[in-house]
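Please look through the sequence and the model below before reading on.

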Amino acid sequence: MNMKTFAASIIVAASMLVSSSVAMADEQITLGRTILLEGGDHGAKIPLLICRKTDAIRVKAERDLHLEKIKVTFNNGQTKTIHFYRDLKKNKYTDWRKFAYPRCVKKLEVFGNSDGSKAGVKVLGRKK
């Protein structure tokens, strides 16, 4: 193997490593978990100890539930309400709801009702 072939092989191998790390950059992170009650009229609050930077959120139902909305509070005090108005079966996800750009989330408030006495909810973010 001559030096040019060896150098080309190294470049190809390095580019494969870079492309795989770029694909892993869009991993999802858990922003928080909470429980919705059967007749819950109040939002279930999820305070985050540290703000988590994400450009989108989605919800996973850990039991059957009706998800109304999520109020997201960002590090600078601004809020955004994301409406879902849908039923989620156990272990199903909503679609990703994007922000305009990556934002630092400080608190979440989940509104909805469980189909039973209580239902767990997991809110996920997308790590960039």
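The structure holds one disulfide, a term used here for a pair of cysteine sulfur atoms within 2.5 Å. It is formed by cysteine 51 and cysteine 104, whose sulfur atoms lie 1.7 Å apart. Cysteine 51 belongs to strand E2 (residues 44-61) and cysteine 104 to strand E5 (residues 97-114), so the pair ties together parts that are 53 residues apart in sequence.

This is a predicted model, in which local features need pLDDT of at least 70 and side-chain atom pairs count only at pLDDT 80 or more, while totals for chains, interfaces and linings use all residues. Residues are numbered from 1 along each chain as its sequence is written, and side-chain values use heavy atoms, with hydrogens and water left out.

**More on the disulfide**

- The torsion about the S-S bond of cysteine 51 and cysteine 104 is about 75°, so the disulfide is right-handed.
- Cysteine 51 has a relative accessible area of 26% and is therefore partly exposed, on a scale where buried means under 20% relative accessible area, exposed means over 50%, and partly exposed lies in between (1.4 Å probe, protein chains only).

**Overall build and confidence**

- The protein has one helix and six strands, and from the N terminus on its elements run α-β-β-β-β-β-β; helices (H or I, at least four residues) and strands (E, at least two) are DSSP runs, numbered from the N terminus.
- Of the 128 residues in the protein, 35% are buried.
- The protein exposes about 8,000 Å², of which carbon and sulfur atoms supply 54%; such areas come from the Shrake-Rupley method with a 1.4 Å probe, and for residues only the protein chains shown count as cover.
- Among the contacts with a separation of 6 or more, 77% are between residues 24 or more positions apart, where contact means heavy atoms within 4.5 Å.
- The average pLDDT is 83, and 77% of the residues score at least 70; pLDDT is the predictor's confidence in each residue, from 0 to 100.
- Where pLDDT is low, the predicted coordinates should not be read in detail.

**Salt bridges**

- A search of the whole structure finds three salt bridges, each being a side-chain nitrogen of Lys or Arg within 4 Å of a carboxyl oxygen of Asp or Glu.
- In one of them, the side chains of glutamate 62 and arginine 33 meet at 3.3 Å, N to O. This pair links distant parts of the chain, with glutamate 62 in the loop between E2 and strand E3 (65-74) and arginine 33 in strand E1 (residues 28-37), 29 residues apart.
- Glutamate 62 is partly exposed, with a relative accessible area of 28%, whereas arginine 33 is exposed at 52%.
- The side chains of aspartate 55 and arginine 126 also meet in a salt bridge (3.1 Å, N to O). Aspartate 55 lies in strand E2 and arginine 126 in strand E6, so this pair ties together parts that are 71 residues apart in sequence.
- Aspartate 55 is buried, with a relative accessible area of 11%, and arginine 126 is buried as well, at 14%.
- Aspartate 95 forms a salt bridge with arginine 97, and their closest N and O atoms are 3.3 Å apart.

**A buried lysine**

- Lysine 122, which lies in strand E6 (residues 118-126), is buried yet has no salt bridge, and the nearest side chain of opposite charge, glutamate 62, is 4.6 Å away. In this count Lys and Arg are positive and Asp and Glu negative, while His and the chain ends are not counted.
- Leaving aside neighbours within four places in sequence, lysine 122 is in contact with residues including Thr30, Arg33, Arg58 and Glu62.

**Positive phi angles**

- Most residues other than glycine have a negative phi.
- Tyrosine 85, in strand E4 (residues 79-88), has a positive phi near 45° although tyrosine 85 is not a glycine, and its relative accessible area of 53% makes it exposed.
- Asparagine 91, in the loop between E4 and E5, likewise has a positive phi, of about 65°, and counts as partly exposed at 41% relative accessibility.
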